[in-house]
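Colleague: I would like to learn how to read the features of a model like this one. Please take me through them in turn.

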Amino acid sequence: MLRLSRLRLFRVCLNEATDTNNWEAICRRCGECCFEKKLDNKGTVLTTRVPCRFLDIHSRACRVYPQRFQVEEDCIKLTPDNLPELDWLPTSCAYRKYLDPAR
Ligand code: SF4
């Protein structure tokens with residue numbers, strides 16, 4: 001297994017940019033993307049039960065959403081452009097289904 005500290009970049013938050021309302025409306029607010037990920041020996045991404053320090057684990061909402069990119073350097077914007085590259089997003093993620101409705 002790789003160290004968790006190397007995998008913090010796997011955190012993701014939503015994009016504020018283009019068509020913000022429509023884009024963000026796709027999210028089902030499950031918060032699964034805000035749990036630490038790690039890789040096993042075969043390179044498979046595994047989701048841990050360690051949440052981002054800013055994730056409210058009860059509501060699954062980011063507690064610093066407006067400032068998330070300032071306070072958490074590993075928070076990643078999820079955009080239509082980078083979505084295809086983020087294959088570590090949970091299979092249940094609404095954006096993955098948006099990208100490939102047949103899944
Ligand atoms: S995993 Fe996908 S649907 Fe769930 S909160 Fe993250 S971006 Fe939204």
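**Reading the model**

Modeller: Start with the ligand: of the 13 residues around it, C27, C30, C33, C93 and A94 come nearest. A residue is near a molecule if its C-beta atom, placed from the backbone, lies within 6 Å of it. This is a predicted model, in which local features need pLDDT of at least 70 and side-chain atom pairs count only at pLDDT 80 or more, while totals for chains, interfaces and linings use all residues. Residues are numbered from 1 along each chain as its sequence is written.

Colleague: How many residues of each class are in the shell around the ligand?

Modeller: Ala, Val, Leu, Ile, Met, Phe, Trp, Tyr, Cys and Pro count as nonpolar, Asp, Glu, Lys and Arg as charged, and the others, Gly among them, as polar. The shell here holds 9 nonpolar, 1 polar and 3 charged residues.

Colleague: In what order do the elements of the protein run?

Modeller: Helices (H or I, at least four residues) and strands (E, at least two) are DSSP runs, numbered from the N terminus. The protein has 3 helices and 4 strands, and from the N terminus on the order is β-α-β-β-α-β-α.

Colleague: Where does C27 lie, and why does C27 count as partly exposed?

Modeller: A residue is buried if 20 or more other C-beta atoms lie within 10 Å of its own, exposed if 12 or fewer, and partly exposed in between. C27 lies in the loop between α1 and β2, and it counts as partly exposed because it has 16 C-beta neighbours inside 10 Å. From C27 to Y95 there are 68 residues in sequence, but 6.8 Å in space, C-alpha to C-alpha. Of the 103 residues of the protein, 16% count as buried.

Colleague: How many bridges join β2 to β3?

Modeller: Two strands pair if DSSP finds at least two bridges between them. Here 4 bridges join β2 to β3, which run antiparallel, and K38 stands opposite L46 in β3. The two strands form a hairpin with 5 residues between them, and G43 in the turn has a positive phi of about 85°.
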